[in-house]
Amino acid sequence: MLTNILVSVLFFTISAILSHSEALRFPQELFNFTSNQISIADNPSRPPSSSASPAPLFSPTYPPSSSSPLVPALFIIGDSTVDCGNNNYLGTFARADRAPYGRDFDTHQPTGRFCNGRIPVDYLALHLGLPFVPSYLGQAGELEDMLHGVNYASAAAGIIFSSGSELGQRIAFTHQIQQLTDTYQQFVLSLGEDVANDLISSSVLYISIGINDYIHYYLRNVSNVQNLYLPWGFNNFLASTMKQEIMNLYNLNVRRMVIMGLPPIGCAPHYLWRFKSNNGECIEQINDMIMEFNFVMRYMIEELLHQIPDARVIFCDVFEGSMDILQNHERYGFNVTAEACCGLGKFKGWFMCMSPEMACRNASTYIWWDQFHPTDAVNAILADNVWNSRYTRMCYPMDLENMLVPKPD
């Protein structure tokens with residue numbers, strides 16, 4: 001255990017040195033973002049949580065062997081919430097390629113997923129009748145490896161290019177979109193333009209990114225950003241950037257998108273430790289910023305759908321789904337709501353999970369796996385909410401199942 005603590009201290013020291021890197025200079029895109037912000041007139045209605053009583057235990061579900069996939073492929077862009085191993089191939093401290101990560105996964109081995117088991121897109125792939133989606137850097141680039149989807153997500157990546165750079169290499173949001181573009185071009189060359197267009201437009205693109213723009217940029221006050229931008233202006237900048245990238249994806253013939261909001265990181269063990277929470281109370285000033293971001297994003301997507309009516313874009317408010325779990329944790333079968341299963345320090349929030357000795361014995365009763373990431377059991381609940389609002393509604397204007405298989409009126 002002492003050796004692990006010494007390794008952790010070394011990690012902290014090196015991270016502190018890297019935090020002064022030139023890569024953290026104030027990004028030019030924020031300088032260029034002035035008065036062209038999103039105006040919001042009315043607050044979209046926020047329906048109350050479902051009162052349905054979910055089962056407290058979650059068992060793996062597999063698609064029927066005889067059923068056909070609902071979509072040709074699932075493509076994934078994002079950060080550590082959905083990274084399935086891309087960062088294993090990068091020079092970065094943001095890696096999950098060692099035990100105890102993955103100990104409850106299907107293979108019981110670390111894969112690069114920041115979880116004890118499956119991440120949300122693993123569960124969604126099963127709902128869609130697809131196999132688990134391979135990481136972009138982990139496959140050989142063969143056509144057959146990509147036909148059912150590719151995962152481009154990279155831990156520490158943000159909407160802002162430099163977010164997360166103090167941890168080392170990561171594939172930024174714009175670069176992930178470029179990788180998707182490269183995949184599309186490979187489809188065109190191999191399958192022909194018509195088939196490639198049909199494949200892309202019939203598939204689902206899942207985007208989960210933005211939390212690192214808070215964790216590794218705004219909350220760290222990189223380049224004095226908090227004095228230059230109040231949270232409202234910062235959130236409008238992030239949403240405007242996301243809107244432009246969604247339009248770029250639309251021009252690539254992407255027509256079905258799931259855009260994930262941000263989770264309540266004010267309740268994450270790291271910030272409970274950092275802000276000295278007494279009894280595990282969430283840090284409200286952080287959660288207020290996150291709720292505001294999700295509000296701006298939801299409104300932006302509602303407005304965007306008027307510009308691209310032939311597209312189907314849904315926004316899923318992870319904050320709503322996560323707070324439902326936190327507030328009704330006993331109903332879901334969770335006993336530990338504030339402390340992470342794996343880590344060091346109060347709430348296990350001081351240092352990330354680095355060895356099996358740091359981990360609890362049974363993660364299924366914990367909401368948090370490490371400093372920032374939920375357990376497999378929480379991911380299963382959130383994925384079910386994205387799919388069909390099983391426990392509480394968090395996707396607007398519809399859930400994913402209704403997007404793909406509309407219910408009769």
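**Reading helices, loops and cores**

Mentor: Let's start where two helices touch. From α9, the residues P231, W232, N235, N236, L238, A239, M242, K243, I246 and M247 meet M289, E292, F293, F295, V296, M297, M300, L304 and Q307 of α11. Keep in mind that this is a predicted model.

Trainee: How do I describe such a pair, and at what angle do α9 and α11 pack?

Mentor: Two packed helices are described by the angle between their axes and the distance between the axes. Here α9 and α11 pack at about 35°, and their axes are 9 Å apart. The crossing of α9 past α11 is right-handed.

Trainee: Let me look at α9 by itself. How many residues does α9 have, and how far does the helix reach?

Mentor: Helix α9 covers residues 231-251, which is 21 residues. From its first C-alpha to its last it reaches 30 Å, close to the 30 Å expected at 1.5 Å a residue.

Trainee: Which residues of α9 are buried?

Mentor: Buried residues in α9 include G233, F234, N235, N236 and F237. Further along the helix, M242, E245, I246, L249 and Y250 are also among them. Now compare the contact list: N235, N236, L238, A239, M242 and I246 are among the residues that meet α11, and these six are buried too.

Trainee: And what happens just after α9?

Mentor: N253 follows there, and its phi is positive, about 85°.

Trainee: Why does N224 count as partly exposed, and why does K276 count as exposed?

Mentor: Look at the relative accessible area. N224 counts as partly exposed because its value is 37%, which falls between the 20% and 50% cut-offs. K276 counts as exposed because its value is 65%, over the 50% cut-off.

Trainee: Is L167 buried or exposed?

Mentor: L167 counts as buried because its relative accessibility is 14%, under the 20% cut-off. Its loop runs between α4 (143-146) and α5 (173-191). Not counting residues up to four places away, L167 touches T92, F93, A94, A156 and H216. The C-alpha atoms of L167 and G91 are 8.8 Å apart, although the two residues are 76 apart along the chain.

Trainee: Now the inside of the chain. How many residues does the largest nonpolar core have?

Mentor: The largest core has 110 residues, and F75, Y214 and L400 have the most contacts inside it. Helix α11 (residues 284-307) gives the most to this core, with 10 residues. There is also a second, separate core of 20 residues, including A94, A155, A156 and M358.

Trainee: What about the chain as a whole?

Mentor: It has 15 helices and 5 strands. Of its 409 residues, 56% are buried.

Trainee: Last one: how far should I trust the coordinates?

Mentor: Where pLDDT is low, the predicted coordinates should not be read in detail. For this chain the mean pLDDT is 87, and 83% of the residues reach 70 or more. Over residues 1-29, however, the pLDDT is below 50, and over residues 31-66 the pLDDT is below 50 as well.

Key: Residues numbered from 1 in each chain as written. Predicted model: local features only at pLDDT ≥ 70, side-chain atom pairs only at ≥ 80, totals over all residues. Heavy atoms only, no water. Core = buried A, V, L, I, M, F, W, Y, C linked by side-chain atoms within 4.5 Å. Buried < 20%, exposed > 50% of the residue type's maximum accessible area, 1.4 Å probe, protein only. Helix = DSSP H or I, 4+ residues; strand = E, 2+ residues; numbered from the N terminus. pLDDT = per-residue confidence, 0-100. Contact = heavy atoms within 4.5 Å. Expected span 1.5 Å × (residues − 1). Axes fitted to C-alpha atoms, helices over the stretch in contact; angles between N-to-C directions. Left-handed = near helix turned anticlockwise from the far one by under 90°.
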